[in-house]
Amino acid sequence: MKMKTLLPALLLAAMFGATAARAGTEITLFRFFGGCSDAYANVTDVAKAVGECGIVQVLTNKFNAENTDGITVKTQSVEWGVYYDRLSANVAGRTPPDIAVMHRSVLPNYQVRNLLLPLGKDFAAVGIDVADFVPAAREGVTANGEVWALPFDLHALLWHVNADLFIKAGLVDDKGQPKMPRSPAELMQHAATMKAKTGKAYFAIPSGADPMPSWQYLTWVWQQGGNIVDAQKKEALLESKESREALRLLDALYASGAANPQHDYAAAQQAFLAGEAAVLVNGTWGVDTYAAQAATGKSGLKNYVVRDMPTLYGKDAVWSDSHTWVMPKQSRPDPAKQKAALTFLKFLNDNSLQWARTGHLPVRASVLQSARMQALPHRAEYTRTATIATALPPIQYQRALGDLLVNELNSTWLVQKDPDKALADSQRAAASILRRSRRR
């Protein structure tokens with residue numbers, strides 16, 4: 001290693017080593033995931049934690065109880081619906097938390113405005129190996145050659161499968177496993193066969209005001225090699241041939257009865273669990289819930305398997321996002337708190353396998369490929385998702401674009417809005433959103 005590259009890391013390590021001697025450092029952690037501090041008060045055994053809230057709370061408890069630097073992490077749990085409003089208000093009021101959870105899709109809104117600390121050199125100093133992050137995760141937190149967040153997971157769309165219905169429909173391969181479609185035409189054929197042989201719908205898709213159909217639509221746009229935005233020009237591409245084809249396929253599925261357009265999240269989930277639909281389109285976060293339901297033997301779902309998103313077009317891709325951890329800039333930087341925050345992030349990174357128990361995929365390649373990861377229920381069935389995970393380019397206002405897609409795309413099956421008009425209206429609205437991005 002050249003001395004020029006070695007010295008900065010040594011200086012950072014020396015600086016952090018000096019500040020670590022100050023005992024009693026308290027840092028604030030902003031997060032969503034729900035409030036469960038009472039349910040898990042004083043619990044430090046992560047094996048006893050269940051779900052996102054339980055696992056992140058017990059990890060925090062464990063760190064507070066066991067770290068040798070006298071660091072205390074004070075959690076502020078914020079309701080999901082107002083989380084980013086609260087975080088923005090604290091940042092604007094010059095009282096940001098020391099650490100905050102942030103979706104990869106939101107990260108550019110803060111990074112572009114210079115509200116976050118760059119973390120690449122600090123990660124090297126505390127022993128977080130950025131090279132161990134899978135490409136999709138590493139690229140999602142990198143901009144202008146700098147790392148701006150600690151990726152904590154990849155959460156993505158999956159096809160949750162009732163294998164018994166596939167067997168009954170004869171849609172199995174030579175190993176008796178559910179046969180996944182390999183083209184749009186084959187998907188429509190499989191859906192018709194499922195209905196004819198079993199009387200059940202092929203799909204259950206949350207379809208009201210839910211983003212699930214738009215995530216499936218984006219997946220099919222990307223599988224054709226397209227996108228809905230040009231990241232360089234910051235222009236909308238919603239009237240492209242790839243966009244039209246993806247929406248055509250979705251509309252065809254609803255029109256044929258392969259999916260019920262009236263299903264909201266709860267109804268789609270219930271239809272799948274009751275054995276009324278062969279495939280539930282939902283994310284990684286549902287795996288353990290559905291596996292537990294199947295294991296009871298009391299629901300209509302008994303033979304549950306998970307599948308990576310099938311490739312219907314020419315390219316492997318699936319919608320994804322990530323939970324990441326950021327360190328907002330402080331009006332009065334405190335080196336001891338910065339060191340404490342990095343120490344906690346290192347602890348979270350070291351415990352990424354525990355977070356994988358939520359169903360989300362770990363971002364560390366070494367953990368993703370480990371025997372312990374593969375031993376978790378069904379994980380070996382969708383590990384490949386980490387290698388095909390795709391997202392919008394790192395531009396601002398991705399959430400606004402997502403809301404726009406939900407409103408316009410869903411209208412084509414909910415109120416029979418003409419698909420071409422829905423895409424034309426989406427194009428105009430997206431262009432307006434992207435103009436705001438260009439002004440920064």
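**Entry 1: helix H11**

I began with helix H11 (residues 265-273), whose buried residues are Ala268, Ala271, Phe272 and Leu273. I use buried for under 20% relative accessible area, exposed for over 50%, and partly exposed for in between (1.4 Å probe, protein chains only). Helices (H or I, at least four residues) and strands (E, at least two) are DSSP runs, numbered from the N terminus.

A note on the source: this is a predicted model, in which local features need pLDDT of at least 70 and side-chain atom pairs count only at pLDDT 80 or more, while totals for chains, interfaces and linings use all residues. Residues are numbered from 1 along each chain as its sequence is written, and side-chain values use heavy atoms, with hydrogens and water left out.

Next I looked up what covers the buried residues of H11, and found that the cover includes strand S7 (155-162), strand S8 (201-204), strand S11 (277-283), helix H12 (287-296) and S12. At the start of H11, a side-chain oxygen of aspartate 264 comes to within 3.3 Å of the backbone nitrogen of alanine 266. Just after the helix, I noted a positive phi of about 80° at glycine 275.

**Entry 2: confidence**

I checked pLDDT, the predictor's confidence in each residue, from 0 to 100. The protein chain has a mean of 94, and 94% of its residues reach 70 or more. Where does pLDDT stay under 50? I found residues 1-15, for which the model has five contacts (heavy atoms within 4.5 Å) beyond four places in sequence. Over residues 17-21 the pLDDT is also below 50, and this stretch has five contacts in the model beyond near neighbours in sequence.

**Entry 3: strand S3**

I moved on to strand S3 (residues 99-103), where five of the five residues are buried, so the strand is largely enclosed by the rest of the structure. In a regular strand the side chains alternate between the two faces of the sheet. Here both faces are covered, with Ile99, Val101 and His103 buried on one side and Ala100 and Met102 buried on the other.

For pairing, DSSP must find at least two bridges between two strands. Strand S1 (residues 26-31) pairs with S3 in the parallel sense over two bridges, and phenylalanine 30 stands opposite alanine 100. Strand S14 (residues 323-326) pairs with S3 in the antiparallel sense over four bridges, with histidine 103 opposite histidine 323.

**Entry 4: salt bridges**

I counted a salt bridge where a side-chain nitrogen of Lys or Arg lies within 4 Å of a carboxyl oxygen of Asp or Glu. The count by this rule is 19.

I picked out arginine 104 and aspartate 321, whose side chains meet in a salt bridge (3.9 Å, N to O). The two are 217 residues apart, with arginine 104 in the loop between S3 and helix H4 (107-111) and aspartate 321 in strand S13 (residues 318-321). Arginine 104 counts as buried at 8% relative accessibility, and aspartate 321 counts as buried at 5%.

I also looked at arginine 384 and aspartate 316, which form a salt bridge with their closest N and O atoms 3.3 Å apart. Arginine 384 is in the loop between H16 and H17 and aspartate 316 in the loop between S12 and S13, 68 residues apart. Arginine 384 is partly exposed, at 36%, and aspartate 316 is partly exposed, at 39%. Separately, I noted one network of salt bridges with shared partners that joins Glu408, Lys417, Lys421, Asp425 and Arg428.

**Entry 5: aromatic rings**

How many aromatic pairs does a search of the whole structure find? I got 23. Rings of Phe, Tyr and Trp (its six-membered ring) pair if their centres lie within 6.5 Å; planes under 30 degrees apart count as stacked, over 60 as edge-to-face and the rest as tilted.

Phenylalanine 32 and tyrosine 83 form an edge-to-face pair, 4.9 Å centre to centre with 85° between the planes. Phenylalanine 32 lies in the loop between S1 and helix H2 (51-66) and tyrosine 83 in helix H3 (residues 83-92), so the pair ties together parts that are 51 residues apart in sequence. Phenylalanine 32 is buried at 4%, and tyrosine 83 is buried at 0%.

How values were computed
Polar contact = N/O pair within 3.5 Å; in protein donor to acceptor, adjacent residues only side chain to side chain.
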